[in-house]
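I opened this model to look up two things. I wanted the surroundings of the ligands and the contacts among aromatic rings. My entries follow in the order I made them.

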Amino acid sequence: MTNSLYSNLIEPNLNNNKTFLILDDGTEISYKDFISLSSKISHKLTNLGLKSGDHILVKSPKCKETLSLYLTSILTGSVFFPLNSNYTLNETIYFIEDSKPSFLICESSEVESIKPICDDIGCRILSLNANGEGDVTNDLENFDSSFKPNIRVKDDLAALLYTSGTTGKPKGAMLTHQNLVSNAHQLINLWNIDKSDTLIHALPIYHTHGLFVAINTSMMSGATIRFIKNFNIDLVIEAFKYSTLMMGVPTFYTRLIKDKRLDRSVTKNMKLFISGSAPLLTETHQDFYNITGHQILERYGMTETNMNTSNPFDGERKAGSVGKPLKDISIRINKTKGDKDTVLNKIGMIEIKGPNVFKGYLNNPEKTQEAFTKDGYFITGDIGYFDKDGYLFISGRNKDLIISGGFNVYPKEIEDVINQHKSVIESAVFGIKDNDLGEVPIAAVVMINNNTKIKDLSIFVEKNLVKYKTPKKYLVLNELPKNVMGKVQKNILKDKYS
Ligand code: MLC
Ligand code: AMP
């Protein structure tokens, strides 16, 4: 078996008649049929000019056809670049210009506005709607249901996922077949996933969590996926009856805890609840345990590295800790200037090396170099420490980042948009605690004229940014607190307005 995604996800399932996906309307699709669908699409796109190594930007909504484009990219040897289908035109233009895809798939309502940008770079645009209809799936009956794969080797690029890292514009993290395959193998072993499992999948499929952690581990172990379009609590609770696993962000768990239907009996078929992408409060861990008898297993990952640490399946799951490093992954705490020592633990920058760590940022050798230490460790921007048992605790972040419901929000990006408004002199975006989403962004703004309507500003921001990045509140201030160097002191704003 090689390290390619084809030989791990597709080849073993070519003739597998077991159910792969259970959809919201109850339809079940077998592995074999799903691979046939992906093979037909592969023929179609290849006929239209898709080649091995091409970037395929997929911005269509979560549906089985969008997921099959992931398999299409594996079969054709192209590079899968999934993107939030809700991104605005302005956000989308940046990704197209930076990644230069050969194919772009989006909803038919967006084709007209995006096409001119695609035309400029010779990118073919095709539609695919939430109901699975569009250019991608038209006339598929004319294509063969088997496809001779374009085999890639371990260091070849499999996917491109954008992330902003510490500052500035989003950068395309280049992930190889080896990065993804090695990580999924580790997680399957660690979490005891096998073909008898059914995973509740209510996450988006354009991030590491919902795509690689959830889909790769399930396909590699031949498990079934209850594929839910979004976190619909009724559908999730209904699915507990016949499922065994759930992967979610902490908001899934805080919402479940508030629901009166959650108890031991409704979750008795479940084997494992996993949480990640944002900090899980100790209180949430404890409340969920008291109500269901299940201890949520917390793990820690990133776009650039996939999963790094996890609490164990068997053994102690420590509330507040993200667990121990995965096998073959080396994690160290690098003490940098200003970091504190506690009596027992050294607190500092979390740095990572291993087969999971990405190849670099697309067309950006400078940022790639900055992201690694001289001896090849990836600098995560997360601050933490190990306890005496080797469990990692994340105690802060050395990056201006807000995590809202598991989505990363970069204040700088929002400030750049706010500052473009004609009535704004300057702004500062910061996160405040939120019971549902963990944190949410709010904005402090200094206006040219204090009579300007905030409504105008918020409409302007909403036109430019996807909903989850828009500030939940605007504060109009006469000035922003600054230090002697002129840097805005967000901690003062945070303390005052949280
Ligand atoms: C939705 N809204 C959000 C939001 N999600 N606002 C801020 N932050 C969010 N995360 C907006 C909606 O547009 C809506 O606005 C309002 O908030 C309420 O919407 P909702 O219906 O309650 O939201 P819902 O659709 O239920 O979404 C909440 C959620 C979702 C938590 C289920 O955000 C989600 O699926 N998050 C998962 C993100 C994820 O997969 N992260 C993994 C990154 S990978 P209005 O005004 O219209 O009411 C990674 C690596 C790793 O980090 O380690 O895994
Ligand atoms: P992303 O850029 O979307 O991949 O986000 C990765 C970031 O999410 C990490 O650098 C952490 O800051 C955060 N993160 C992921 N998992 C956890 C977790 N279990 N606890 C705390 N933070 C987490």
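**Entry 1: ligand 1**

I note at the outset that this is a predicted model. I began with the residues around ligand 1 and found 22 of them. Those that come nearest are R255, S277, R299, S404 and K467.

The side chain of S277 has an N or O atom 2.6 Å from an oxygen atom of ligand 1. For the side chain of R299, the distance from an N or O atom to an oxygen atom of ligand 1 is 2.8 Å. G406 uses its backbone instead: an N or O atom there lies 2.9 Å from a nitrogen atom of ligand 1.

I then checked the cover. On its own, ligand 1 has 1,000 Å² of accessible area, and the protein covers 72% of it.

Which elements each supply at least two residues of the shell around ligand 1? I found α9 (250-258) and β13 (297-302). I sorted the shell around ligand 1 by class and got ten nonpolar, eight polar and four charged residues.

**Entry 2: ligand 2**

I moved on to ligand 2, which has 18 residues around it. R299, T303, D382, K399 and N408 come nearest.

The polar contacts I noted here involve nitrogen atoms of the ligand. A polar backbone atom of R299 is 2.7 Å from a nitrogen atom of ligand 2. S277 has a polar backbone atom 3.2 Å from a nitrogen atom of ligand 2.

How much of ligand 2 does the protein bury? Taken alone, ligand 2 exposes 490 Å², and 92% of that is buried by the protein. Two or more residues of its shell come from each of β13 and β20 (392-397). β13 gives the most, with five residues. By class, I recorded eight nonpolar, five polar and five charged residues in the shell around ligand 2.

**Entry 3: aromatic rings**

I turned to the rings and got a count of 21 aromatic pairs. I looked up two of the pairs in detail.

Is the pair F273 and F288 stacked or edge-to-face? The ring centres are 4.9 Å apart and the planes stand at 70 degrees, so I put F273 and F288 down as edge-to-face. F273 is in strand β12 (residues 272-275) and F288 in helix α10 (residues 282-292), 15 residues apart, so the pair links distant parts of the chain. F273 counts as buried, because its relative accessibility is 1%. F288 is buried too, at a relative accessible area of 0%.

My other pair, F358 and F372, is stacked, with 5.8 Å centre to centre and 20 degrees between the planes. F358 sits in the loop between β17 (348-353) and β18 (360-361). F372 sits in the loop between α11 (365-370) and β19 (378-386), 14 residues from F358. F358 counts as buried at 4% relative accessibility. F372 has a relative accessible area of 22%, so I marked F372 as partly exposed.

I also noted one aromatic cluster, formed by F81, Y87, Y94, F95 and Y162.

**Entry 4: charges over rings**

Last, I looked for charges over ring faces. K171 lies over the face of Y361, 4.9 Å from the ring centre. R317 lies over the face of F313, at 5.8 Å from the ring centre.

Key:
Residues are numbered from 1 along each chain as its sequence is written. Chains are lettered from A and ligands numbered from 1 in the order in which they are written. This is a predicted model: local features need pLDDT of at least 70, side-chain atom pairs count only at pLDDT 80 or more; totals for chains, interfaces and linings use all residues. Side-chain values use heavy atoms; hydrogens and water are left out. A residue is near a molecule or strand if one of its heavy atoms lies within 4 Å of it. A polar contact is a pair of N or O atoms within 3.5 Å; within protein, one must be able to donate a hydrogen and the other to accept it, and residues adjacent in sequence count only if both atoms are side-chain atoms. Accessible areas come from the Shrake-Rupley method with a 1.4 Å probe; for residues, only the protein chains shown count as cover. Helices (H or I, at least four residues) and strands (E, at least two) are DSSP runs, numbered from the N terminus. Ala, Val, Leu, Ile, Met, Phe, Trp, Tyr, Cys and Pro count as nonpolar, Asp, Glu, Lys and Arg as charged, and the others, Gly among them, as polar. Rings of Phe, Tyr and Trp (its six-membered ring) pair if their centres lie within 6.5 Å; planes under 30 degrees apart count as stacked, over 60 as edge-to-face and the rest as tilted. Buried means under 20% relative accessible area, exposed over 50%, partly exposed in between (1.4 Å probe, protein chains only). A charge sits over a ring if NZ of Lys or CZ of Arg is within 6 Å of the ring centre and within 35 degrees of the ring normal.
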